[in-house]
Amino acid sequence: MAWLSGYAGAGSSTGSASDGAPSVFIVGDPKQSIYRFRRAEPQVFLAAQAFVVDGLAGDLLSCDHTRRNATQVIATVNAVMQSAQTSGDYQDFRDHSTQMKDAGSVQRLPKICRDALTQVTNQVTSGGAAPVWRDSLTTPRVIFEEKLITLECRQAAKFIAQQLQDGRNPKEIMVLARKRARLSVMQEELQTLGIASQQPDQSELADAPEVQDVIALLDALVSPTHDLSLARALKSPLFNVDDAALVELALLQRADPSRRTSWYELLQNSEQLSDELRWIGPVLSRWKGWLDSWPPHDALDAIFHDGDVLARFSSAAPPTLRPSVLANLRALLSAALDINAARYATPYAFVRAMKSGRSKSGEPGMVDATQTVKAPVRNDENAVKLLTIHGAKGLEAELVLILDTDALPTKAATMSVLVDWPGESETPTSFVFLASESRPAPSLVDALKVEMAARKREELNALYVAMTRAKQQLLISSVEPYRESGVTWWQRLQGLMPPILLSTEGLNGSKPDEAKSANIEILVLPVLKNVTNAPIAGVKYASSAINIIADEALPESAESRIGQAMHRLLQWLPVQTDAKTVGDQRFEPATVKAVAQEFALSPAQADQAVAMAQRIVAGEGAWSWHPELIDWQGNEVELFSGGQLLRLDRLVRRLDTGHWWVLDYKSTNQPQHQPELVAQLQAYRVAVQASQADVVVKAAFLTGSGQLVEIE
């Protein structure tokens, strides 16, 4: 305004601008001003509009025509806004017209009444029956208002499910709410029905359950006495431990009242643990070693590969959530690089930053609470969009459903600031710190009335914005408030929108069968797995994560599938840290079950694969797992040689001689008599020798009978 005022009177009497006047074009719509909480003030636009006309002899053009909304949607908008204008709650609204010829529809879902939860009411209110004792370990606390919100969102989710059954595409549906908390409940109800949804404006990475699971793991490794964090990590897809195993740990902890042994310590003593828990201790110990000695990003990256984290969470997530789960986990790796640029960060600082939802640190090890960790923004075309009304401004959808339309008005503010600043003025006329809006000083009554009128107008602006997002179909939903709430959106709209009856057939709220998918594709960059020392100089290498998608078609013969299962068992064999356990390897039942399922083995065939793997580990090549004899080891090492990808079953370097050994697992007893197998192993040896010209590289078969057959 100060800039424009310098050209006052520069316009010609004919209405065209003179040479001294600027060419100004201002566009805006005060009806869509909904950001007064950020100090956005529509009267500034109105003052500028008046100045262009009066001071610059400009033209004022108005447009009340739209190409977006169906005729019934526009008719409802006109009726609501004209009614508000008649009652004195709104000004300067003119009826809109639309380019669209389709009628569309406007409807309302049944209101969720407060007596919908009579039984719950009796338990949580003093006026009902006698309170019933609740076992807090087995029965969750029921909060009445939250439960009513759940019923509203469940009803809305059922309506959306019916729309999808009738052929509507999820990307054509938008659900709006005043507050994000309601959208989170809505997302849970849609997930229960197997419907994909996303909140594009929800950007807190730390709120994602899969991220919280991984942070709980890191918290338990950084602070081994944090049993609660470890319990969450154990229950997560990282380990998939059931409740009985957690109870086992709790009972073991109570067995010695004289000292409190942490769950982490209990898991290190494998002799007293069941088969389901025995394998976890060495894994946690290995991961803790990485976290104690490496930067957070490097340690987390190693844990992701060693634990096949992406594959585990992907297989546990519903198909509709897999893309977002994987995106959030990958974003967690990126977040590890944001703490002090990953150079001076400590694992403790990273855990602290993520638990507080922050990403930046000032001094090394300190967390700056100024910037939140943002979740990746994805545009999933097969998901229902869940948005706040402010976040939906400028967007549109074929079907728009507005939640919480009978909300109570905002409570009177305390310790607020009241600013009286006309849009045409350069300075405010008053600036007051107000202790309580419900008890203003007599001198502030008039100014507060102006403020309340502006808030009421913005409330109607928000309704206007929400309604005009709908192109074809507009619906509203509400929960009956516990007290009189004045004139709400529901009261303004319910007489204009006919009710809709929902069919509950096939929509009882139970989780549907997940899509059966034998293949889950996870793209990974080439990286080396199971590294305990420096990699081979000059060699490019890669390692696979969990091979849920097989590299080749599943072999038809049982012998081939058993051999592949043997390879997988040895691939997942934990790194040996105790020389006493070498040669006495026992494969965990959960591992054997997963391998048998992957290669479609019968119990007898699975036992055969396990027996061959155990003979290899305990046979003539047992030294290759001996921690006192080797200083480097890697499983499923991939080498690029001559433009071809070579995959080595096992590569080790002996500590005593410094020799490299290329080891190839074979289920057959005499692979040395098959020229194609010998040629393949020789190619592996040559590839390693090419990068290690000054050392000896040896190659050998490890057979299912326990033999080590060296190839010259």
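The model is predicted, so to speak of ground rules: local features need pLDDT of at least 70, side-chain atom pairs count only at pLDDT 80 or more, and totals for chains, interfaces and linings use all residues. Residues are numbered from 1 along each chain as its sequence is written, and side-chain values use heavy atoms, with hydrogens and water left out.

Confidence to begin with. pLDDT is the predictor's confidence in each residue, from 0 to 100. The protein chain averages 80, and 80% of the residues score at least 70. Over residues 358–370 the pLDDT stays under 50, and the model has 35 contacts there beyond four places in sequence; contact means heavy atoms within 4.5 Å. Residues 506–518 are also below 50, with 19 contacts beyond near neighbours in sequence. Where pLDDT is low, the predicted coordinates should not be read in detail.

Next, helix H2. Helices are DSSP runs of H or I, at least four residues, and strands are runs of E, at least two, numbered from the N terminus. H2 covers residues 42–54, 13 residues in total, and reaches 19 Å from its first C-alpha to its last. That is close to the 18 Å expected at 1.5 Å a residue, where the expected span is 1.5 Å times one less than the number of residues. Its buried residues are Pro-42, Phe-45, Ala-47, Ala-48, Phe-51 and Val-52. Buried means under 20% relative accessible area, exposed over 50%, and partly exposed in between, with a 1.4 Å probe and protein chains only.

Now the cores. A nonpolar core is a set of buried Ala, Val, Leu, Ile, Met, Phe, Trp, Tyr and Cys residues joined through side-chain atoms within 4.5 Å. The largest has 54 residues, and Leu-217, Leu-234, Phe-239, Leu-267, Leu-284 and Met-354 have the most contacts inside it. Apart from it lies another core, of 33 residues, among them Ile-34, Val-73, Leu-460 and Leu-474.

Cysteines. Taking a disulfide as a pair of cysteine sulfur atoms within 2.5 Å, the count is zero. Cys-153 is buried at 0% relative accessible area, while Cys-113 is partly exposed at 33%.

Last, backbone angles. Most residues other than glycine have a negative phi. Asp-92, in the loop between H3 (71–86) and S2 (97–98), has a positive phi of about 65 degrees and is exposed at 69%. Asn-240, in the loop between H8 (227–235) and H9 (243–254), has a positive phi of about 55 degrees. Asn-240 is exposed at 59%, and Leu-234 touches it.
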